[in-house]
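Subject: A structure for you to look through

Dear colleague,

I am handing over the structure that we talked about, and below it I have written out what was found. Please keep the model open beside this message while you read.

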Amino acid sequence: MTDPVLDIEHLDITYTVGAGTFYAVSDVSLKVFPRQVVGIVGETGCGKSTLAQAIPRLLPEPPASIGGGRIVFRGTDLVKVPKRQLPMVRGTGIGMIFQEPLNSLNPAYRVFDQIAEAIRIRHYRDMGWVKSFQGGDVPFDYSKPAASATVGGALVRSIVPDGALEEAARDRLRTRSEFRREVLEYLRLVRINDPETILNLYPHELSGGMRQRIMIAMALSEKPSLLIADEPTSALDVTIQAQVLTLMKELIDEVDAAILFISHDLGVIAETADMVGVMYAGRLVEFGPVAEVFRTPRHPYTKALLRAAPARYKADGRLSTIPGSVPNLSRPPPGCRFHPRCVLARDVCRGEPPPLAPVAGSVEGPEGHRSACYFADEVPGLP
Amino acid sequence: MARPSPARTARPEGSLSIFWRVLRANPLSFAGFVLVVIIGVTAVLVLVVPHLLVPYGPLQQTAARNAPPSLRHLFGTDNLGRDIYSNVMLALPLDLGIGFAVAGSALVIGGLLGLVAGFYNTPGTLLGGLSVVILRTTDVFLSFPSLILALALTRVLGLGVGPSVLAITITWWPFYVRLVRGEVLAVKHLPYINAARAAGVSENRILLRHVVRNVLEPVIVYFTLDIGTVLVTYSTIGYIGVASIYPSSQPEWGAMLAHYQATGSANIYPWLVLAPGAAIFVTVLAFSLLGDGLRDILDPRTRRAFARSTATHDPPAESPAGAGPAEEAPVAIAEGTAGGPEARPVP
């Protein structure tokens with residue numbers, strides 16, 4: 001078994017607002033393996049976006065704070081990285097696609113400058129011109145080894161063996177046209193037909209779907225080994241959504257990156273992800289292969305959520321809902337957070353929160369189907 | 001779909017040519033721009049080659065007393081035969097310089113403090129504490145009426161141009177702190193700031209490259225308008241008589257107004273006050289008009305829209321008809337590219 005790209009263990013995130021504390025993410029453990037697409041679903045406010053932003057430590061701290069747990073990305077615990085050194089870690093392997101393509105591009109810069117900035121940072125880091133983070137338990141593993149410091153001039157050239165000339169050329173501070181070529185490559189990668197024109201446009205001159213493509217190109221230009229897509233299609237209308245999804249699915253095959261796909265749309269997750277995690281009120285309640293989780297959910301919340309999804313081709317009858325309402329995360333219910341709304345709830349559900357345990361009949365290991373319910377076996381019998 | 005050749009579309013239009021086209025598209029800001037250029041050139045000429053534009057010395061008494069405007073004396077003369085036109089011209093570099101000096105130093109001081117107060121306002125940190133100090137100090141200054149404060153300071157700092165410029169500057173910077181801080185607060189929470197952060201851009205670079213660039217536009221507009229306001233304020237102080245003395249070897253518009261009004265001759269010989277008054281009016285107007293135009297130029301959204309609307313009847317050399325569809329219908333190309341059968345190089 002290969003090592004996971006991302007290994008989140010018992011992550012707790014709280015927001016302190018005024019006198020209140022909101023337990024946005026509680027005890028979430030999650031593993032993402034290379035080239036795997038892991039979807040996270042849940043309703044608004046369940047902590048999925050908080051989780052997504054916590055991974056590259058993008059949450060404003062304060063008010064957010066990571067209370068406990070580890071976020072191990074390629075051997076480095078990101079929770080332990082000092083705030084000042086965060087920029088050294090962020091652009092190196094974790095790409096991020098945001099929810100709002102309309103505002104995620106700086107309106108003052110052309111498409112070229114937006115993408116070139118990300119490439120430039122990666123390039124400087126590769127060249128060793130920008131200090132790289134080397135703290136943590138294990139030295140940070142960059143996609144490329146830092147090249148030795150470059151010294152301009154012919155002297156260095158002359159002592160470079162013939163075969164290494166190309167290497168030396170790569171070490172030069174790259175010119176605008178070289179950056180341009182690379183930017184064009186990424187624009188083509190995200191299926192932009194006329195990259196030469198798009199390059200010189202400002203974000204406001206692009207449509208929403210186009211902007212999201214640019215965002216994806218930006219995220220990919222860092223050569224990430226983990227791509228976090230935080231509701232990348234939610235702000236787009238349905239046809240554009242389909243296009244962006246198709247693109248993402250194609251890229252999954254082309255780009256050597258694991259993807260953490262956050263969405264509230266069950267259909268989107270079902271289409272794209274290999275594994276899916278279901279979040280409720282800050283906790284991961286179920287995790288497993290998409291087909292298995294959606295066909296035979298083993299947590300009452302997942303079951304209710306799937307039942308509540310409107311059927312696209314039927315217009316009769318009322319939509320099914322989950323009785324009760326989402327708990328206030330400043331005072332979450334003890335034990336299983338779903339128990340006040342759960343038909344299976346018994347006394348034990350109000351005690352210790354149920355652990356995310358493998359369900360009966362599932363394969364062992366990270367590919368297995370797990371549920372945080374004491375009565376997971378009874379779930380398939382529910383209406 | 002016919003595409004313009006890559007070589008041409010690849011070259012972004014130069015910012016100078018965009019600047020020019022946006023200006024041309026709006027007659028008022030174009031007028032402001034032309035006026036500002038004329039005023040600036042005149043001021044430099046007066047400084048460098050005074051005899052070219054200034055026929056008489058500031059204190060030189062001619063035979064014509066209280067003469068109405070004529071070819072010999074464009075704006076007439078006063079009771080001692082001093083040429084009003086010469087005095088108005090000689091005051092131009094000083095008044096303009098004061099406008100730039102006060103607004104400029106207020107922009108630099110207030111702008112930097114505003115950036116710090118707006119961007120590093122996390123409570124509990126050292127810079128967060130500093131930002132609180134900056135803001136409370138600003139509040140103290142803003143709680144005084146600035147003109148009264150400037151007047152009081154002028155009394156303390158002494159008579160003359162230097163002290164009064166300093167006095168106005170001291171009352172002026174807090175406005176920039178407020179303006180810049182407000183803009184920074186609005187910008188720093190926009191998603192693209194977080195997107196840059198996610199790309200590994202350091203905080204200082206985010207401030208300099210992403211925040212400052214997006215704050216610049218309203219601030220520069222305010223600055224341009226502000227030059228006029230400073231002029232009026234200085235003239236007011238000059239009018240009250242604590243900044244500059246008139247008549248002197250270095251005349252000043254506000255002091256001129258005050259002098260001729262105080263001596264009572266303005267009622268009978270209106271050109272004595274009309275000329276310096278008009279000079280203030282035209283200068284302030286020019287900068288106000290230019291300020292409005294700058295807003296359009298600095299904002300990429302309006303910039304392109306203007307450039308496009310003028311392009312139809314005034315095609316620039318580097319953008320003939322072929323660029324039309326690309327420029328006029330960005331959304332169309334945008335959607336047209338979806339899933340196109342392009343070469344797909346994997347990086």
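In which loop of chain A does Thr296(A) lie? Thr296(A) is found in the loop between H11 and H12 of chain A, where helices (H or I, at least four residues) and strands (E, at least two) are DSSP runs, numbered from the N terminus. Thr296(A) counts as partly exposed because it has 16 C-beta neighbours inside 10 Å; a residue is buried if 20 or more other C-beta atoms lie within 10 Å of its own, exposed if 12 or fewer, and partly exposed in between, with C-beta atoms placed from the backbone. From Thr296(A) to Gln99(A) there are 197 residues in sequence and 30 Å in space, C-alpha to C-alpha.

Before going further, please note that this is a predicted model, in which local features need pLDDT of at least 70 and side-chain atom pairs count only at pLDDT 80 or more, while totals for chains, interfaces and linings use all residues. Residues are numbered from 1 along each chain as its sequence is written, and chains are lettered from A and ligands numbered from 1 in the order in which they are written.

The two chains

Chain A has 12 helices and 12 strands, and 50% of its 383 residues count as buried. Chain B, by contrast, has 15 helices and zero strands, and buried residues make up 41% of its 347 residues. The pLDDT, which is the predictor's confidence in each residue, from 0 to 100, has a mean of 76 in chain A, where 84% of the residues reach 70 or more. Over residues 135–169 of chain A the pLDDT is below 50, although this stretch has 37 contacts in the model beyond near neighbours in sequence; two residues are in contact if their C-beta atoms, placed from the backbone, lie within 7 Å.

In strand E3 (residues 37–41) of chain A, five of the five residues are buried. Val37(A), Gly39(A) and Val41(A) point one way from E3(A), whereas Val38(A) and Ile40(A) point the other way. This can be read beside a general rule, that in a regular strand the side chains alternate between the two faces of the sheet. Two strands pair if DSSP finds at least two bridges between them, and E3(A) is joined by five bridges to strand E8 (residues 258–263) of chain A, which runs parallel to it. E3(A) also pairs with E9(A), in the parallel sense, over four bridges. Val38(A) stands opposite Leu260(A) in E8(A) and opposite Met275(A) in E9(A).

An open sheet

Elsewhere in chain A, an open sheet of four strands has the order E2-E1-E4-E5, with antiparallel pairing. Its edge strands are E2 (20–32) and E5 (76–77), each of which pairs on one side only. Strand E4 (residues 64–73) is joined to E5(A) by two bridges, and Phe73(A) stands opposite Thr76(A) in E5(A).

In helix H12 (residues 300–308) of chain A, the buried residues include Pro300(A), Tyr301(A) and Leu305(A), and the buried residues of H12(A) pack against strand E9 (275–280), strand E10 (283–289) and helix H11 (290–295). Most residues other than glycine have a negative phi, yet phi is near 50° in Ala281(A) and near 45° in His10(A). Ala281(A), in the loop between E9 and E10 of chain A, counts as buried because it has 25 C-beta neighbours inside 10 Å. His10(A), in strand E1 (residues 6–17) of chain A, is exposed because 12 other C-beta atoms lie within 10 Å.

With best wishes
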